[in-house]
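Student: Let's go through the strand pairing here. I want the criteria behind each label.

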Amino acid sequence: MTTSPVRSSTNGAIAGDQSVPTIKGEDGATVLGPDNVAVGAQNPGAPSTDSGSMPNLKFSFAAAHNRLLEGGWAREVTVRDLPVATTLAGVNMRLKAGAYRELHWHREAEWAFMLAGSARIAAIDQQGRNFIDDVGRGDLWNFRSGFPHSIQALEDCEFLLVFDDGNFSENETFLVTDWFAHTPKHVLANNFAVAQSAFDNIPTAGEIERSRYIFPGEVPGALVTDIESVRSPAGTAERMTHRMLAQDPIEVPGGSVRITDSKNFPSASTIAAAWVELQPGALREMHWHPNNDEWQYWLSGHARMTVFGSSGKARTYDFYPGDVGYVPRAMGHYFECVGDEPVQMLELFRSDHFEDFSANQWLGLTPQAVVAATLNLDQTTLDALRKDKPLLMPGQG
Ligand code: MN
Ligand code: MN
């Protein structure tokens, strides 16, 4: 029975026998010099199977710069924080009830998961078709590259945004106020066929940093009213929202998995996702992904993941709610739920589809003599190998 170093409801509160992460049995010693005890306690140290040099594969939103504004806040984990994470970047955003994430666009596609509360999104496509919808906890949206959009909180809400380029920065999107402030008034007047005085009150360049991007507002009325008020003559765009947690899960011993990619959510053409729920003691089996790197967001529980980097290299990381993890393409990995409460996490890939290879299934579909000669396994173990893909394995108690 593994003892969790963290109480179920509180990150970083230490209990149990792993409270001195620099000691393991006869190995290690106490810390005599300065030490950040809270951080150390969340990283209880490598199993003896770890070895060699690996890139850092973990960064927490709690350690990221947070941009605080009257309407909420936003913090990001990008390639600047986690240099190995070149494929995807993440933003954790909080909006107070009624607050706006300003009208804007960016080069990168935007995939989002609503963590708490609800919001209304609005966007258009290149053909002038619009899409307006409300999203609640467990729902997704996806704006393809360049699609202009806005978000407004229907109640206090928070969400994860994922962009299909690790170099993305939430602070460098194309804001409509920024553009207007840097366009001569006579051009604005000509462009919109109104008097120049119509733009007397647009936010100034000096105001935008503080009063736009994220700013307070009034909670809007019914969705249908908004939709009917701006019906496009070109029709409604492709669906840009998806109820991920309403999907029927793949239920297996140890937990469940939901996969959302372009097969069931065509709008998400560049970001594929898996929602994994793992019971205490259970394992997301040993596997790897042939198509791209994995960007992880950890939502609940305490998980421990080891990543195998070939040629004798392996490194173990502990994850708590609000952490970001990363696994370079093809590197073998597993993670286990080591706490008392279930782990919930998202696996994300810059790809139009989710795919993985199971170590168990691979060995189960290879002639037994080959497997036995390589790993010195007995017949009982060979017979236990699976021909299907387990995805998860329950703990052995
Ligand atoms: Mn955006
Ligand atoms: Mn994986």
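Tutor: Start with one pair: the bridge partner of Arg 120 in S10 is Asp 134. This is a predicted model, where local features need pLDDT of at least 70, side-chain atom pairs count only at pLDDT 80 or more, and totals for chains, interfaces and linings use all residues. Residues are numbered from 1 along each chain as its sequence is written, with chains lettered from A and ligands numbered from 1 in the order in which they are written.

Student: What makes S9 and S10 a pair?

Tutor: Two strands pair if DSSP finds at least two bridges between them. Six bridges join S9 to S10 (residues 130-135), so they pair. They run antiparallel. Strands themselves are DSSP runs (E, at least two residues), numbered from the N terminus.

Student: What lies between S9 and S10?

Tutor: Five residues, and the two strands form a hairpin. Gly 128 in the turn has a positive phi of about 75°.

Student: How many bridges join S9 to S12?

Tutor: Five, and these strands also run antiparallel. Ala 119 stands opposite Ala 153 in S12.

Student: Which side chains of S9 are buried?

Tutor: Ala 119, Ile 121 and Ala 123, which point to one face. Buried means 20 or more other C-beta atoms within 10 Å of the residue's own, with C-beta atoms placed from the backbone.

Student: Why is S4 called an edge strand?

Tutor: S4 (66-69) pairs on one side only, as does S16 (241-243). The open sheet has the order S4-S5-S6-S13-S8-S11-S16. Four bridges join S4 to S5, and Leu 69 stands opposite Gly 72 there.

Conventions:
Buried ≥ 20, exposed ≤ 12 C-beta atoms within 10 Å, placed from the backbone.
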